[in-house]
Amino acid sequence: MSLHLQNIDHVVGGQSHISGVNLELEPGSFNVLLGRTLAGKTTLMRLMAGLEQPTRGRIFMDGKDVTGVSVRKRNVSMVYQQFINYPSMTVRDNIASPLKLANTPQQEIDRRVGSIAEMLHIEHLLDRYPQELSGGQQQRTAMGRALVKDADLILFDEPLVNLDYKLREELRDELRELFKARNCIAVYATTEPNEALALGGNTAVLHEGKLLQYGPTEQVYREPNGRHSAEMFSEPPINIVPGKLTATEITFDQSLHFPCDPGLQRLTPGDYDFGVRASHITLKPQSADDLELPVLVDVAEISGSETFLHVRHERFPLVLHLAGIHEFHVNDAINVYFPTHQLYAFDKQGSTVHIPSSAQGSVAHG
Amino acid sequence: MTLWPKNLTFDNYIGIFTNSSWYMGYVNSMLYVALNMLITICVALPAAYAFSRYRFIGDKHLFFWLLTNLMAPPAVFLLPYFQLYYSVGLFDTHIAVALAHCLFNIPLAIWILEGFMSSVPKEIDETAYIDGYSFPRFFIKIFIPMIRSGIGVTLFFLFMFSWVELLLARTLTATDAQPIGMIMTRTSTASGIDWGTLAAAGVLTIVPGILVVYFVRNHIAKGFALGRT
């Protein structure tokens, strides 16, 4: 089954929540909706499910117009951010409920509930009630209910947000496995770029109700089509430094200039925003023509086994993404090395005009 | 005078239970109270669901207007009700009292139930539709079990109002549907007051209330907060 959203607008009380979204999802694809809170991820999912009707635009499933078709007739399933289960039913009945409603024979129900429960590691909890389970188990139950029927479209609305870190990674990996064998469209909403990269598949970047970019996840990461897209799809966000491009040089301010990458020379000279990934700025020089910048440390943020180092140069702030745990003190004066060959360039409208050659090929997290 | 009864007797209770004009008072009261609870719940459940789930023009005003019904003293409605029920031939029936009490009980029930229903996340409804539940099936199989305690508490409040309300009940009845409260006034006669029977009847009127309270005792606090925890 394929899903096609055509010029979707969604306006609630005069406020535009979704505007002009065109999206075509391939059969059997795994799609990530990436965007901040209020970017319209949930709204878009509700439109896909048929829980809400678009103000303008059409939705096609398999080429058939389903814009006005109610959610009951669409064969979709959905997992919410909150743990939604039927509290008056046991885990077994919760998972079985979509099958029971479809008049599936009891034997078949038992078999499928059993196999789904096994996949989600909740087979020993089947006779308990949802409120007796931990958050992770409750969410597994909700996922079980969504996966047990052969839905054409499965929607996950930030399903792992309310779970602890370890459980999140575990469930995320399992989820990816679960979909390999299926021929349905999966849509997964998240605010975290790392989650999108871990899940793979395709990624659609949403910003303020608009679809910025859609494509294979790694490609979207490597070749963001604009500044917003690049900022959204990097954690910590990509560093943006305004600068001036002349025929051969880039100038960040009067004093700071360096010869530019040959690739950049084809651009018309003028003002651009230059983007450099946090993981590309380093504490030690990586190549001979790295730009040495004296900076002061603002804060070192330790996240897992990585350090996000926030520093300020006299003209602009920078964020570094360092592997390992590093300790710094506020206002420490250090030198960082700024890669002059790994610059993205965005024009003043925010569109990407240059992608560094180093980004085309390998993917680094960060 | 003594605090402890010298001669313990149950004659007054026996008298009440053997005299049909007495015990029919209890039967009448229970009948119209039960009828009233049934009608009220049937009307209030869908109404409260609508108020909690749908936005429509004037919904908040309508909700407030319902509450204003609780603000008027029953006496205001006395004469119009008497004339209305008399002219349509409902005078001195159980249903007449049950309907009259609905005026106060339905808004109260909607108010309480709306609170309980609003504490159920809307996503439950949506999940049910996604799973393929029809609305009636969802409402009965999933939604009502989720607000069980709310319904229990609501029934308690309905019972309490209807059981002790005397003004409307006695005006709209004569003999066939007379409430126990009215019959109890018979103990006061020209020849004095029959304290024994009055006391026994009084004790018996509390019994149903105690039973109802017993069943909803764990939910009452939440009920007073109208489900809005």
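**A strand and its partners**

Strands E11 and E12 (residues 249–253) of chain A run antiparallel, joined by two bridges. Strands here are DSSP runs of at least two residues, helices are H or I runs of at least four, and both are numbered from the N terminus. Two strands pair if DSSP finds at least two bridges between them.

Before I go on, this is a predicted model: local features need pLDDT of at least 70, side-chain atom pairs count only at pLDDT 80 or more, and totals for chains, interfaces and linings use all residues. Residues are numbered from 1 along each chain as its sequence is written, with chains lettered from A and ligands numbered from 1 in the order in which they are written.

Back to the hairpin. Three residues sit between E11(A) and E12(A). Leu245(A) has Ile250(A) as its bridge partner in E12(A).

Which residue of E14(A) stands opposite Leu245(A)? That is Gly270(A). E14 (residues 270–276) of chain A is antiparallel to E11(A), with seven bridges between them.

Now zoom out. Chain A has domain 1 (3–231) and domain 2 (236–359), with bounds from an automatic or database domain assignment. Their C-alpha centres lie 36 Å apart. Nine residues from domain 1 of chain A and 12 residues from domain 2 of chain A make the contact. Contact means C-beta atoms, placed from the backbone, within 7 Å. On the domain 1 side, helix H8 (residues 227–232) of chain A gives the most, with four residues.

Methods
Contact = placed C-beta atoms within 7 Å.
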